[in-house]
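Trainee: Could you walk me through this one before I set anything up? I'd like to go topic by topic.

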Amino acid sequence: MKLVKKRKIFFPLALSISLLGAVVVPSAIFARSDAPDSANTSSIATKNAGKSTTGDHVITPQATDGQIVDRPLYGLNDSADFDIKPGYGYVRLYLRNTGNTTISLTVNQGSASGAEKYSGTVKPGKTFDELLNSSKAWSAGKFYVSLSSGSGPMSGKLGVRTSTNTDF
């Protein structure tokens with residue numbers, strides 16, 4: 001008798017589960033891909049992140065490119081190069097001098113001894129964070145930052161970013 005009771009409970013349960021699967025699975029398979037669901041909304045939001053529209057025009061904010069990021073400085077002389085991509089002609093240089101000597105810097109185009117585009121100094125304990133060319137974009141190509149401290153070893157960080165405009 002106990003075996004008969006288990007069969008009476010098992011079969012209706014198995015039947016209801018299979019019927020539920022018959023309803024749920026086809027609806028998942030035949031769901032419309034253009035229906036507004038969280039997955040579609042999320043992917044559309046990701047594609048349009050950072051953009052706004054005005055009528056039929058899409059407005060994209062300025063683009064920046066991190067060329068040198070928090071590069072540690074050592075020794076009496078150091079150098080680093082960066083590339084300016086077409087359209088990214090504005091350059092911001094960040095130099096934090098944590099050492100005991102003044103750091104001299106120059107930015108040259110094409111090679112470390114090429115045409116000088118900028119020069120300056122950063123005193124001990126000071127930070128230089130400036131747009132180097134706010135009046136006119138530099139042309140695309142390779143640029144070199146040369147650093148020297150003369151009398152004592154350098155300590156600090158160097159960063160260079162390029163942008164499509166001056167608002168960065």
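**A chat about the model**

Mentor: Let's start with Asn 97, which counts as buried at 2% relative accessibility. Keep in mind that this is a predicted model.

Trainee: Okay, and where does Asn 97 lie?

Mentor: Asn 97 is part of strand β5.

Trainee: What does the side chain of Asn 97 reach at 3.0 Å?

Mentor: That would be the backbone oxygen of Val 122, at 3.0 Å. A polar atom of the Asn 97 side chain also lies 2.9 Å from the backbone oxygen of Thr 101.

Trainee: Which residues does Asn 97 touch, leaving out those up to four places away in sequence?

Mentor: Among them are Thr 102, Ile 103, Pro 124, Gly 125 and Ser 155. Val 122 is in that list too, along with Lys 123 and Lys 126.

Trainee: Staying with β5, in which sense do β5 and β10 pair, parallel or antiparallel?

Mentor: Antiparallel, over 8 bridges. In that pairing, Arg 96 stands opposite Lys 157 in β10.

Trainee: How many residues of β10 are buried?

Mentor: 6 of the 8 residues of β10 are buried, so the strand is largely enclosed by the rest of the structure.

Trainee: Let's change topic to confidence. What pLDDT does the protein average?

Mentor: The average is 77, and 61% of the residues score at least 70.

Trainee: Where does pLDDT stay under 50?

Mentor: Over residues 23–55. The model has 14 contacts beyond four places in sequence for that stretch.

Trainee: Got it. How many salt bridges does the count come to?

Mentor: The count is 4 salt bridges. One of them joins Arg 71 and Asp 78, whose closest N and O atoms are 2.9 Å apart.

Trainee: Is Asp 78 buried or exposed?

Mentor: Asp 78 counts as buried, at 17% relative accessibility.

Trainee: Which other salt bridge does Lys 142 form?

Mentor: Lys 142 also pairs with Asp 83, and the closest N and O atoms there are 3.2 Å apart. That pair links distant parts of the chain as well, with Asp 83 in strand β4 and Lys 142 in strand β9, 59 residues apart. Through shared partners, Asp 81, Asp 83 and Lys 142 join into one network.

Trainee: How accessible are those three?

Mentor: Asp 81 is partly exposed at 39% relative accessible area, and Asp 83 is partly exposed at 35%. Lys 142 counts as partly exposed too, at 31% relative accessibility.

Trainee: Now the inside. How many residues has the largest nonpolar core?

Mentor: It has 21 residues. Those with the most contacts inside this core are Phe 82, Leu 93, Leu 95, Val 107, Val 145, Leu 147 and Leu 158.

Trainee: Which elements give two or more residues to this core?

Mentor: They are β3 (64–73), β4, β5 (90–97), β6 (103–109), β9 and β10 (156–163).

Trainee: Last one: where is the place of Phe 168?

Mentor: Phe 168 is in the segment after β10. The residue is buried, with a relative accessible area of 14%. Phe 168 and Leu 131 are 37 residues apart in sequence, and their C-alpha atoms are 8.6 Å apart in space.

Terms used. Residues numbered from 1 in each chain as written. Predicted model: local features only at pLDDT ≥ 70, side-chain atom pairs only at ≥ 80, totals over all residues. Heavy atoms only, no water. Salt bridge = Lys/Arg side-chain N within 4 Å of Asp/Glu carboxyl O. Buried < 20%, exposed > 50% of the residue type's maximum accessible area, 1.4 Å probe, protein only. Helix = DSSP H or I, 4+ residues; strand = E, 2+ residues; numbered from the N terminus. Core = buried A, V, L, I, M, F, W, Y, C linked by side-chain atoms within 4.5 Å. Polar contact = N/O pair within 3.5 Å; in protein donor to acceptor, adjacent residues only side chain to side chain. Contact = heavy atoms within 4.5 Å. Pairing = 2+ DSSP bridges. pLDDT = per-residue confidence, 0-100.
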